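Here is a friendly note for a colleague who is opening this structure for the first time. Please keep the viewer open and go through the points in turn.

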Amino acid sequence: MSLLQTKPVADVIAQSSGEGGDDGHQLRRRLGAKDLTGFGIGLVIGTGIFTLTGLQARDNAGPAVVISFAIAGAVALLAAFCYAELAASVPTAGSAYTYAYATMGELAAWIIGWDLLLEFALGAAVVSRGWSGYLAQLFGLPTAWFGEEGSIVNVGAIAIVLLLGAVATMGIRQSARITNVLVVVKVVICVFVIVAGAFFVSAANLTPFIPAGQDPPPGESGLAQPLTQLLFGLEPSVFGIAGVLAAAAVVFFAYTGFEAVANLGEETKRPGRDLPLGLLGTLVISALLYVGVSLVLVGMVDYREIDRGAPIAAAFASVGADWAAVLVAVAAVAGLTSVMLVELVAMGRIGFAIARDGLLPPRLGAVHPRWGTPYRVTMIMSVAVALLAGFLPLSALADLVSIGALFAFVIVSLAVPWLRRTRPDLNRPFRVPLSPVLPIVSALACVYLMLNLSGETWLRFLAWLLIGMLIYFAYGHRHSRLTLARNAASAAGPGAGSPIPAPAPRTDSAPGSSGPAGPAGSSRATAPAAPGAEDEDR
């Protein structure tokens, strides 16, 4: 039963507000609704438009990739409503990991936290390779070092990940400022693509809108086919309705960035108001841009001739608008830069939350006394992402990101009605409409998209979860703060309390700090940073 032990919501809120006795383990509240929306759009608008659109139109859906983006956007919006309620009610780092810990228990929380680390790490690796490809097209760099074709080590991907990892480590305000600037650039360019590209759309390229189903290319049968085809013994096929759904499952990756907003709940000044605005605003704006850009792309170029590496820039070049191709390549470089930055920031917050609970070594979650960021886990994850980006091709990474995100969304969707039943008294500044119907529909829709991913993607995902389970039982469960508290209460005998213990004294705490706080639950002298405190992060 200890595997099902839940973290009390009161303790989650106390930790995030600085009243849980976690000296050296609080983040500073410095972000508003504009910053959150910038982070969300900064992560969502990127690979989905600039890379995956072309890949899925060419390989799975044809012009109907527009429908794939619409389906994925609708499912993402359902999940965003669920995220908004939980994030506003329990504003803390860790998002789905923390929500699962408070509702479904420690084992489920570890699984989802481990899954989120996979999702964001591979997401950043995918985007860095797309960034490198657009940079190569923009400056004529050798594809052996900056592209997908014939590349052994992608030097460009490694370099940009390490650079942005340093930015993410040095401060949330610096990350927010850079992200907001890059977001403005790429949103303007996306609108330009829709408006300018509309003049080059040919009706012939949109017919047939849903190409007839056909046999997959040689070597892409078996485990490379969607799981639904494998489970029900269907003949392998691409395009048609099956291809549209398979593409929707993959391009869902393009929408997953909005959950990074929930990871910033502990750094938001007014979480009850700003988190729902940031989450839902991100999804609505991004979905409109995705549908518009994908429609223009498949209208400009026959889907069978779309460039795999830089589809939008190549589309403009194919119609003689080389100047527009250059603008798109610049926007892609800027857009994908912001995506990687937010991915790295989100990874750091997830690792911070897991380490604070003792499921990973607590020293990994240390907050830098000057920068106010979980610098150790951010640096470690940045190096890991750089290695993945340098040596694994884009096609081997994207599907795993989608299945990881969808799995997290299933847990979050189910957590909403669960928490409403177990904690009806919890303050909910934002409430999901039509609960529990909408959350259940959200969970079922996510499961259905998961089933449309390939069998080999499922095997890789299960292998990653198996590695996570080994780590959990070898270290996490035995060192969990909840387990240590339960063991301490048992040793103390009947009548003893079972507070969650504070971390051990730290050598890297902020200068002038008073050291570890008293028993968990006691108030701290230091309140959360007030608005305007962002000037400290310099």
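1. **The chain as a whole.** Please bear in mind that you are looking at a predicted model. The secondary structure of the protein chain comes to 20 helices and zero strands. The chain has 538 residues, and 59% of them are buried. If you take the contacts between residues at least 6 apart in sequence, 83% of these join residues at least 24 apart.

2. **Helices α4 and α18.** Two packed helices are described by the angle between their axes and the distance between the axes. The crossing of α4 past α18 is left-handed.

3. **What meets what between α4 and α18.** On the α4 side you will find V75, L78, A79, F81 and C82, and on the α18 side L438, P439, V441, S442, A445, C446 and L449. Sorted by class, the contact of α4 with α18 holds 11 nonpolar residues, one polar residue and no charged ones.

4. **Two cysteines in that contact.** A disulfide is a covalent bond between the sulfur atoms of two cysteines. The cut-off used here is 2.5 Å between the sulfur atoms, and C446 is in no disulfide. A search of the whole structure finds zero disulfides. C82 is buried, with a relative accessible area of 0%, and C446 is buried with a relative accessible area of 0% as well.

5. **Helices α2 and α15.** The second pair joins α2 (residues 33-44) with α15 (residues 322-356), which pack at an angle of about 115° with their axes 7 Å apart. Because 65 to 115 degrees counts as roughly perpendicular, α2 and α15 are roughly perpendicular to each other. Their crossing is left-handed. F39, G42 and L43 of α2 make the contact with G335, S338, V339, V342 and E343 of α15. By class, the residues of the contact of α2 with α15 are four nonpolar, three polar and one charged.

6. **M469 in α19.** M469 sits in helix α19, residues 455-479, and is partly exposed at a relative accessible area of 21%. Which residues does M469 contact, leaving aside its neighbours within four places in sequence? They are L107, W110 and I111. M469 and W114 are 355 residues apart in sequence, yet 9.0 Å apart in space from C-alpha to C-alpha.

7. T169 belongs to helix α8, residues 155-170, and counts as buried at 4% relative accessibility. Not counting residues up to four places away in sequence, T169 touches W371, T373, Y375, T378 and M379. A144 lies in helix α7, residues 143-146, and is partly exposed with a relative accessible area of 35%. Between A144 and V155 there are 11 residues of separation in sequence and 9.0 Å in space, C-alpha to C-alpha.

8. **The loop between α9 and α10.** P208 lies in the loop between α9 (172-197) and α10 (227-231). The peptide bond leading from T207 to P208 is cis, with omega near -5°.

9. **The loop between α10 and α11.** F239 is found in this loop. The phi of F239 is near 65°, a positive value in a residue other than glycine. F239 is buried, with a relative accessible area of 6%.

10. **The loop between α17 and α18.** Where is L434 found? L434 is in the loop between α17 and α18, and P436 has its place in the loop between these helices too. Phi of L434 is near 60°, a positive value in a residue other than glycine, and L434 is exposed with a relative accessible area of 67%. A cis peptide bond joins S435 and P436, with omega about 10°.

Methods. Residues numbered from 1 in each chain as written. Predicted model: local features only at pLDDT ≥ 70, side-chain atom pairs only at ≥ 80, totals over all residues. Heavy atoms only, no water. Left-handed = near helix turned anticlockwise from the far one by under 90°. Helix = DSSP H or I, 4+ residues; strand = E, 2+ residues; numbered from the N terminus. Contact = heavy atoms within 4.5 Å. Nonpolar A, V, L, I, M, F, W, Y, C, P; charged D, E, K, R; others polar. Buried < 20%, exposed > 50% of the residue type's maximum accessible area, 1.4 Å probe, protein only. Axes fitted to C-alpha atoms, helices over the stretch in contact; angles between N-to-C directions. Parallel < 35°, antiparallel > 145°, perpendicular 65-115°, else oblique.
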